[in-house]
Amino acid sequence: MTTVAAPAPSPAPTSSGANVAARRRRMTGYVLLAPAVIWLGLFFVVPFYSLIATSLYGPKGSVLTGYDMSWSFGNYWDAFKSYKGPLGRSLWYGALTSFFCLILGYVLAYAIAFKAGRWKNLMLVLVIAPFFTSFLVRTLSWKLILSDNGIVVDVLQAVHLVGQDGRLLATPVAVIAGLTYNFLPFMVLPLYASLDKIDHRYLEASRDLYANSFMGFWKITWPLSIPGVVAGTLLTFIPAAGDYINAQLLGSPQQRMVGNVIQNLFTNANDYPAAGALSMMLSIVIVVMVMVYVRWFGTEELL
């Protein structure tokens, strides 16, 4: 009877081989990150550094002869004193836009997530359909809708909500309405993503515990949708506060936002230090507000 020898065990990998494999894995991660890092460096870090430098320029003789770096931190105070009205108005319009988008978007996202059934995908397509049209064209359409001879003004005059010589264009109402319409999809999609993940058995359990519809919503649906609320309000508030198209087309000089001021300083007045300082102030204010807002809700809730 022959005896078959057991196969010899394969040699254990050496420590040097393991180190080489670990380095290869790390290098693979760096290679995959490289395109995004290069893209952000070229189109975010470099322009942001240029903006900071511009905000600290000082006049070199006159505006016509150009500017030089003089570390003029006083540009910030001068810009704030001169344009604190448009800056505060932009933050206020952005907050109102976020509020109205939250009210309208939550209802729409809730209907899609819980009530749409087999029409869910179609309704989501309809939500993002406006993105297939130019932002400028959509805003111009609101200018036609809210025109003095339009049907909206005629109806409001008929029910005596607007005087016979009243109007909607060139008012805060028109600007906020345009902002709400243009940024509503940014609110609906994060809300839908949060609501769609809610397990319906939680709601059934709340009804078994004798909770009515309102209490079930307040104790279960709303807390579980908080990450979508936070993400949606941030995605809405940040671009709305910096927008200038809606104020330009639907408003008047009394509704001028900080984006209009920055655009005018850069393109018409050639006051680059003031424009850079105002841009940096808007960025800093928004970043601080976002940090406080996220901290208030808690980062654990977002995760």
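## Salt bridges

A salt bridge is a side-chain nitrogen of Lys or Arg within 4 Å of a carboxyl oxygen of Asp or Glu. By this rule the structure holds 3 salt bridges. The structure is a predicted model, where local features need pLDDT of at least 70, side-chain atom pairs count only at pLDDT 80 or more, and totals for chains, interfaces and linings use all residues. Residues are numbered from 1 along each chain as its sequence is written, and side-chain values use heavy atoms, with hydrogens and water left out.

Lysine 120 pairs with aspartate 196 at 3.2 Å, N to O. This pair links distant parts of the chain: lysine 120 sits in helix H3 (residues 120–128) and aspartate 196 in helix H6 (residues 172–196), 76 residues apart. Helices here are DSSP runs (H or I, at least four residues), numbered from the N terminus. Aspartate 196 has 36% relative accessibility, so it counts as partly exposed. The scale runs from buried (under 20% relative accessible area) through partly exposed to exposed (over 50%), using a 1.4 Å probe and protein chains only.

## The other two pairs

Aspartate 148 and arginine 167 also meet in a salt bridge, at 3.2 Å from N to O. Aspartate 148 lies in the loop between helix H4 (135–145) and helix H5 (151–158), and arginine 167 in the loop between H5 and H6, so the pair ties together parts that are 19 residues apart in sequence. Both are partly exposed: aspartate 148 at 35% relative accessibility, arginine 167 at 41%.

Aspartate 199 forms a salt bridge with arginine 201, with the closest N and O atoms 2.7 Å apart. Aspartate 199 is partly exposed at 25% relative accessibility. Arginine 201, at 59%, counts as exposed.

## Nonpolar cores

A nonpolar core is a set of buried Ala, Val, Leu, Ile, Met, Phe, Trp, Tyr and Cys residues joined through side-chain atoms within 4.5 Å. The largest has 25 residues; Tyr76, Val258, Leu265, Leu278, Leu282 and Ile286 touch the most other members. H2, H9, helix H11 (258–267) and H12 each supply at least two residues of this core. H12 gives the most, with 10 residues.

Tyrosine 76 touches Ser55, Leu56, Ala277, Met280 and Met281, not counting residues up to four places away in sequence. Contact here means heavy atoms within 4.5 Å. A second, separate core has 19 residues, including Ala113, Leu184, Met187 and Leu195.

## Largest pocket

A pocket is found on a 1 Å grid over the protein atoms alone: an open set of points where a 1.4 Å probe fits, with protein on both sides within 12 Å along at least five of seven lines; lining residues have an atom within 4 Å of a point. The largest pocket holds about 300 Å³ of space. Volume is the space filled by probe spheres set on the points, which are joined across faces, edges and corners.

Its lining includes Phe99, Leu102, Phe237, Met289 and Tyr293. Helix H2 (74–115), helix H9 (226–242) and helix H12 (272–297) each supply at least two lining residues. By class, the lining has 10 nonpolar, 2 polar and no charged residues.

## Second largest pocket

The second largest pocket has a volume of about 260 Å³. Its lining has 14 residues, of which Tyr110, Phe114, Lys115, Leu203 and Arg207 lie nearest its centre. H2, helix H7 (200–208) and helix H8 (213–224) each give two or more residues to this lining. H7 supplies the largest share, 5 residues. The lining divides into 5 nonpolar, 6 polar and 3 charged residues. In this scheme Ala, Val, Leu, Ile, Met, Phe, Trp, Tyr, Cys and Pro count as nonpolar, Asp, Glu, Lys and Arg as charged, and the others, Gly among them, as polar.
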